Amino acid sequence: MSEEAVAENTKEMKKVFDRPESLNDQQFSYCPGCHHGVINRLIAEAIDELGIQDTTVGTAPVGCSVFLYKWFDIDVIQPAHGRVSAVATGAKRARPDLTVFAYQGDGDFASIGTNNSTHAANRGENITTFFINNTLYGMTGGEMAPTTLIGQKTTTTPQGRTAKDYGYPIKMSEMLAELDGPTYITRQAVYDPKRIDKARTAIKKAFRFQMEDEGYSLIEFLSACPINWGMDPVEANERIKKEVEEVYPLGDIIERS
Amino acid sequence: MPRGKIEIDINRCKGCRLCIETCPQDVIAFSDDFNSSGYNYVETENPEDCIGCGFCGKVCPDVAITVYKRQKEGV
Ligand SMILES: Cc1ncc(C[n+]2csc(CCOP(=O)(O)OP(=O)(O)O)c2C)c(N)n1
Ligand code: SF4
Ligand code: SF4
Ligand code: SF4
């Protein structure tokens, strides 16, 4: 069929997928195939679907997603590295009428900011936290993070991470689930359409808990960083399925409401 | 008549290949050209085979794809 004929046919067609309203027109600065982009879009879709664009405040980390304020058409605060859960706490306590989310990389959430993120969870702060676990520090060039897998080569573990020298991959979600504070903790992935749909449902659920005053939610995402993993984006998706999920299994960890 | 149609914003595309791998109908392929950011972008090679499933849009990390689906008669 010619291009013209295809265009003609569009008239009877309904738009079923488009950019969400809560993203603006700016291009993401992420590398090709980076899952931060998918996760950002899913959060924006959830905000659209819940009708909370004008009443949502995001808090963005230092890391590759530092520019959330450029890409989201909502208000975003960008605190110092590791302080995202603390600043989100402040925003929510000052304005409990708003929906507040914390968006944090694994360096931000599980390394420099472990204290802030742990205590926010323990207090059961009424915020929604998105924890992007790509098993290393992306922005600074692929150094080891506490989440790095045993044997994984990074720029600071060129021979691969060993438990003897560097400890074990930290399971933040399981750890925080031991506390009495959190309401909902789940681990999700975004490497295929089915997983993406599940992740979107989890995001909406977490926002709803906050809107109903149910307390702290955490969604950990297993996220691809193809460039620092030395893989193309398709191989990086396979690595999540074959290796990362083995250490960090997907699914709900706690739900108490 | 195709059951679906997509539009790719070529200047947002970073040529990651995820949509090509995910499309069940082999609609999408690399173009021979580069976009304003220097990426080898993708285009629709077999547009008549599109079923409007939306998978390509869902996996695109750069939100570069708009998807249309033909509505059933009388809907
Ligand atoms: C106080 C402070 N310490 C260290 C840094 C350097 N730094 C910038 S980003 C980053 C880690 C980012 O990794 P992660 O949180 O996993 O996010 P990603 O980039 O992988 O999404 C570090 C250590 C900094 N900017 N500020
Ligand atoms: S370095 Fe990794 S996490 Fe950062 S934008 Fe690139 S792929 Fe994404
Ligand atoms: S909508 Fe479905 S069939 Fe059409 S190009 Fe996208 S993935 Fe392929
Ligand atoms: S998924 Fe998006 S960015 Fe990647 S090749 Fe397809 S259109 Fe381009």
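Start by selecting helix α10 of chain A, residues 226–229: with three residues, this helix gives the most to the shell around ligand 2. (Helices are DSSP runs of H or I with at least four residues, strands are E runs of at least two, and both are numbered from the N terminus.) Before going on, note that this is a predicted model, where local features need pLDDT of at least 70, side-chain atom pairs count only at pLDDT 80 or more, and totals for chains, interfaces and linings use all residues. Residues are numbered from 1 along each chain as its sequence is written, chains are lettered from A and ligands numbered from 1 in the order written, and side-chain values use heavy atoms, with hydrogens and water left out.

**Around ligand 2**

Now bring up the rest of the shell, meaning residues with a heavy atom within 4 Å of the ligand. Among them are A:Tyr30, A:Cys31, A:Cys34, A:His36, A:Cys64 and A:Cys225. Colour the shell by type and you get seven nonpolar, four polar and no charged residues. (Ala, Val, Leu, Ile, Met, Phe, Trp, Tyr, Cys and Pro count as nonpolar, Asp, Glu, Lys and Arg as charged, and the others, Gly among them, as polar.)

**Into the core**

Next, select A:Ile43, A:Phe130 and A:Phe207, the residues with the most contacts inside the largest nonpolar core, which has 39 residues. α2(A) supplies the largest share of this core, eight residues. (A nonpolar core is a set of buried Ala, Val, Leu, Ile, Met, Phe, Trp, Tyr and Cys residues joined through side-chain atoms within 4.5 Å; buried means under 20% relative accessible area, exposed over 50%, and partly exposed in between, with a 1.4 Å probe and protein chains only.) Centre on A:Phe130: leaving aside neighbours within four places in sequence, its contacts (heavy atoms within 4.5 Å) include A:Ile43, A:Phe101, A:Tyr103, A:Ile203, A:Phe207 and A:Phe221.

Switch to a surface view. The largest pocket holds about 250 Å³ of space, and A:Val62, A:Gly63, A:His81, A:Tyr137 and A:Gly138 lie nearest its centre, out of 20 lining residues. Helix α5 of chain A, residues 106–112, gives the largest share of that lining, with five residues. (On a 1 Å grid over the protein atoms alone, a cavity is a set of points where a 1.4 Å probe fits but cannot get out, and a pocket is an open set with protein on both sides within 12 Å along at least five of seven lines; lining residues have an atom within 4 Å of a point. Points are joined across faces, edges and corners, and a volume is the space filled by probe spheres set on them.)

Of its 14 lining residues, B:Cys13, B:Lys14, B:Cys16, B:Cys19 and B:Cys60 lie nearest the centre. That lining divides into 11 nonpolar, one polar and two charged residues.

While in chain B, click B:Val63, in the loop between α2 (55–59) and β4 (65–70). B:Val63 has a positive phi of about 45° although it is not a glycine, and at 2% relative accessible area it is buried.

Back in chain A, A:Asp213 sits in the loop between α9 and β7. Here too phi is positive, about 65°, in a residue that is not a glycine, but A:Asp213 counts as exposed because its relative accessibility is 64%.

Finish at A:Gly124, in the loop between α6 (114–122) and β5 of chain A. Not counting residues up to four places away in sequence, A:Gly124 touches A:Gly181, A:Gly215 and A:Tyr216.
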